[in-house]
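Reader: Hi! I'm new to reading protein models. Could you walk me through this one?

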Amino acid sequence: MEKILIIGGNAAGLTAASRARRIDPRLNVTVLEKGPDISYSTCGIPYYLAKMVTADDLISYTPESFEKERGIKVHNNTRVDEISPSRKRVAATKTDTGERAEFSYDRLLIATGVRPKLPDIPGTDLKNVFTVIDLQDAIRINEALQKTARVAIVGAGYVGLEMAECLQTLGKTVHLYERESHVLPGMDADMAQIIEYELQRFHVRISVGAKVLALVGAEGHVSGVKAASGLGIDPAGMVLLDTGVEPNVDLARQASIQTGVTGAISVDSHMETNVPGNLPAGNGAGTFCAIRQRPVLHYIGTGAAKQGRVAGENMAAQRTKFLGAIGTTVVKVFDLAVARTGLCSEDATAESMPVVSARIEAWDRAAYYPTARKIWVKLIAERESRKLIGAQVVGYGDASKRIDVAATAITAGMRVDELAQLDLAYSPPYGNLWDPLLIAAQSVLRKMFL
């Protein structure tokens, strides 16, 4: 009976374990997870902190229920210390008891995810300074919030924006710092302005272009934030750091598994590495971007799960390819839906791709229909090929529908003139005679042929 060993017990790891076992029930599949929890929704953490759900609601399986339903043994609180590919062994430590253990394998999946990238400033080690990586982080934050009225968030990415909303709904005073010129740097500035307006509408204080110099404290506890653009120290009883993450690849490097220029584990389309029988998946593995035609860092759960599925199939002796991802996301910022896919204008410039873009404002359904809401759509097309390479949708209406259509168009290699004639569904309660996506495509075409 062949042994499959999985390091990591969330999206990529458990998807791979389940898929391999489903294809070949004879496989002996074991999962090692360093923390106490498995199979939980990291994306649901803001809703837990906002008291909309409980921590238990975010957990799909416990180690016991996963083994009972899937026939897969999970060792939680088990930290892997070393991988030995030549011996096909991993050395591990039980974090709750200190007991050492060794596990053998025929094929290994590494799904070790990411770790926070802390800013190089004083004070990140003070009490009540948190990152948000896993469920245990969220539980610690939840406990600290009971005694905290003012919260500073350093970094206005997806996590920072979601946390700003959830903390404001709890009645906290929130100050959001972003070192770039606008929030959510993966969006274009003209779209980010709409997001910033929404944050200010709900009384979230925003400082963009803000270089945080230090976190200050008294008696080991954070008490404020010192920024280059401000006078004095802004008080804060808690600081959340959304300053980025990096692939957690130390184990792979120690085992001579190759990493790429992005810092993630290098993989081919079958999720295989330079060391046979050792496959990575998830946020620690490189993700092929069809637009750039090279690997990129991709920290999105949907991509991690797809990589895990492909890796699981290949560990069960199939030959499945992972086709890559283009960074399709959607996030809720108070009443606003914020969605993007593909490249933004800054990305295109970095890739030396001449582009044409256009932004339009429209109703998400027939303007006279009572639930009609405004949305803004921006499309980016490569000038020479006319191919759609990026889309952004922000608004109070149905943004996810439009971004999913745009993601499909980009994946299919559609030209913007083809997109402009897509046959999309129409009925006044659900859409417009001319969908906003089609109007935006027509606007791009007019600019192309000026």
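Author: Happy to! Leaving aside neighbours within four places in sequence, Ala228 is in contact with Lys211 and Leu213, where contact means heavy atoms within 4.5 Å. This is a predicted model, in which local features need pLDDT of at least 70 and side-chain atom pairs count only at pLDDT 80 or more, while totals for chains, interfaces and linings use all residues. Residues are numbered from 1 along each chain as its sequence is written, and side-chain values use heavy atoms, with hydrogens and water left out.

Reader: How far apart are the C-alpha atoms of Ala228 and Leu213?

Author: They are separated by 6.2 Å, although the two residues are 15 residues apart along the chain.

Reader: And where is Ala228 found?

Author: Ala228 sits in the loop between E14 and E15. Those labels are for strands (E, at least two residues); like helices (H or I, at least four residues), they are DSSP runs numbered from the N terminus. Ala228 counts as partly exposed because its relative accessibility is 48%; buried means under 20% relative accessible area, exposed over 50%, and partly exposed in between, using a 1.4 Å probe and protein chains only.

Reader: Which strands form the open sheet there, and in what order?

Author: Three strands, in the order E13-E14-E15, with antiparallel pairing. Two strands pair if DSSP finds at least two bridges between them. E13 (212–218) and E15 (234–235) stand at the edges with a single partner strand each, so one side of each has no neighbour in the sheet.

Reader: How many bridges join E14 to E15?

Author: Two bridges join E14 (residues 221–227) to E15. In that strand pair, Gly224 stands opposite Pro235 in E15.

Reader: New topic! Is strand E1 mostly covered or mostly open?

Author: Mostly covered: four of the five residues in E1 (residues 3–7) are buried. E1 pairs in the parallel sense with E2 (residues 28–32) over five bridges, and Ile6 has Val31 in E2 as its bridge partner.
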